[in-house]
Amino acid sequence: MVPVMHTENILGQSPELETVLRAAQMVSKADCPVLILGESGTGKEELARMLHRLSPRSGGPFIAVNCGALPAELAESELFGHRRGAFTGADRDQPGFVGAAEGGTLFLDEIGDLPLALQPKLLRFLERSERQPLGDPCARKANVRVLTATHRDLHAASDQGSFRRDLFYRLHVVPLELPPLRLRGNDVLLLADHFLGEFARTHGAAAPRLDRSARRALLAHPWPGNVRELRHLCERLVLLLPGQVLGAENLGLRRTSHADRMPSREAGNLVQLPAEGIELEALEHDLLRQAMQRTRGCKARAARLLGLSRNTLLYRLKKHAIEG
Ligand SMILES: Nc1ncnc2c1ncn2[C@@H]1O[C@H](COP(=O)(O)OP(=O)(O)OP(=O)(O)O)[C@@H](O)[C@H]1O
Ligand SMILES: [Mg+2]
């Protein structure tokens, strides 16, 4: 097996993270598109930067674009550039983000928010490696590697018609899914110690230390904001409680964990048991099958859809003889 390289900006030793980092290393040298998936704050942009750093393009530019922030009417010229006079106000040639990324990497973040009208143009660009600035009669060769990321379920979006299926397939050649922090085990503690030390240095303060109850609380918290949430918490702790030994009560984390993500439970029953009863085993089988289908066999995502750990999912798939 390929050893995981030291990646100074992406810390963690959990097998869940290492699997992704190993796959990332393997594709870093190729020029193929990579689709980075994961909940908000799991490190998608950090991983895109790592892919660029490890690639033969590392000497070229890394241009990050948030597709959700592109104004619809200007999106095409922002991305592919324009010639002087292409439209009112276009007083000089502009290379656009694609032109600016020449020789390097273009990172299209929140790709699920790319306006529908632009999607066929991006597909054309990916297939032909040519960009056509607005107002330019000729297409120009482009030497750009494209990385994309989203926290959305693009597969579902393409089923619903808000994302073009052909583009989805093109981008999905190499999907890398970052696991949520709550499934990375002790990485939470390793990251917490790292961030406390980092912010102590930045702010010239003594790093607080975490007692056993604090560590337990960090491990039990569901981290909806993932690594970003943990990082911000650590900065707050350094600023407000420098040099102290912290217990769980100092962290300000809410106690409940999994139930937080199940709001319907508070409102009453999660599902209504029909008067005639139900085949629980058959229901479980069906839900497992649907989750595997919807995620195209990605076990990490299927486990998340069902609120299970990966191991529990594997156990249940085996029990129901569902092919992984
Ligand atoms: N494994 C990690 N080790 C160290 N720092 C990390 C790790 N993962 C993420 N971070 C840090 O956490 C913060 C959030 O990461 P990043 O911006 O890459 O997340 P994201 O998945 O792009 O989030 P969003 O979906 O909200 O855009 C950044 O400050 C990043 O440096
Ligand atoms: Mg991001």
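**Figure legends: close-up views of the predicted model**

**Figure 1. Thr105 stands opposite Arg145 of strand β6.** The view is taken from a predicted model. Thr105 belongs to strand β3, which comprises residues 105–109, and Arg145 to β6, which spans residues 145–150. These two strands run parallel to each other and are joined by four bridges.

**Figure 2. Strand β3 also pairs with strand β2.** The pairing of β2, residues 62–66, with β3 is parallel and extends over five bridges. Within this pairing, Ala64 has Phe107 of β3 as its bridge partner. Phe107 is itself buried, on the side of β3 that also carries Thr105 and Asp109.

**Figure 3. Both faces of strand β3 are covered.** One side presents Thr105, Phe107 and Asp109, and the other presents Leu106 and Leu108; every one of these residues is buried. Five of the five residues in β3 are thus counted as buried. For the protein chain of 324 residues, the buried fraction is 29%.

**Figure 4. Domain layout of the protein chain.** The assignment gives domain 1 (15–179), domain 2 (182–258) and domain 3 (278–324). Taken over C-alpha atoms, the centres of domain 1 and domain 3 lie 32 Å apart. The C-alpha trace of the protein chain extends about 65 × 65 × 45 Å along its principal axes. Its secondary structure consists of 14 helices and nine strands. Among contacts with a separation of 6 or more, 74% link residues 24 or more positions apart.

**Figure 5. Segment 262–268, where pLDDT stays under 50.** For these residues, the model has three contacts beyond four places in sequence. Across the protein chain the mean pLDDT is 89, and 91% of the residues reach 70 or more.

Key
Residues numbered from 1 in each chain as written. Chains lettered and ligands numbered in written order. Predicted model: local features only at pLDDT ≥ 70, side-chain atom pairs only at ≥ 80, totals over all residues. Buried ≥ 20, exposed ≤ 12 C-beta atoms within 10 Å, placed from the backbone. Pairing = 2+ DSSP bridges. Domains from an automatic or database assignment. pLDDT = per-residue confidence, 0-100. Contact = placed C-beta atoms within 7 Å.
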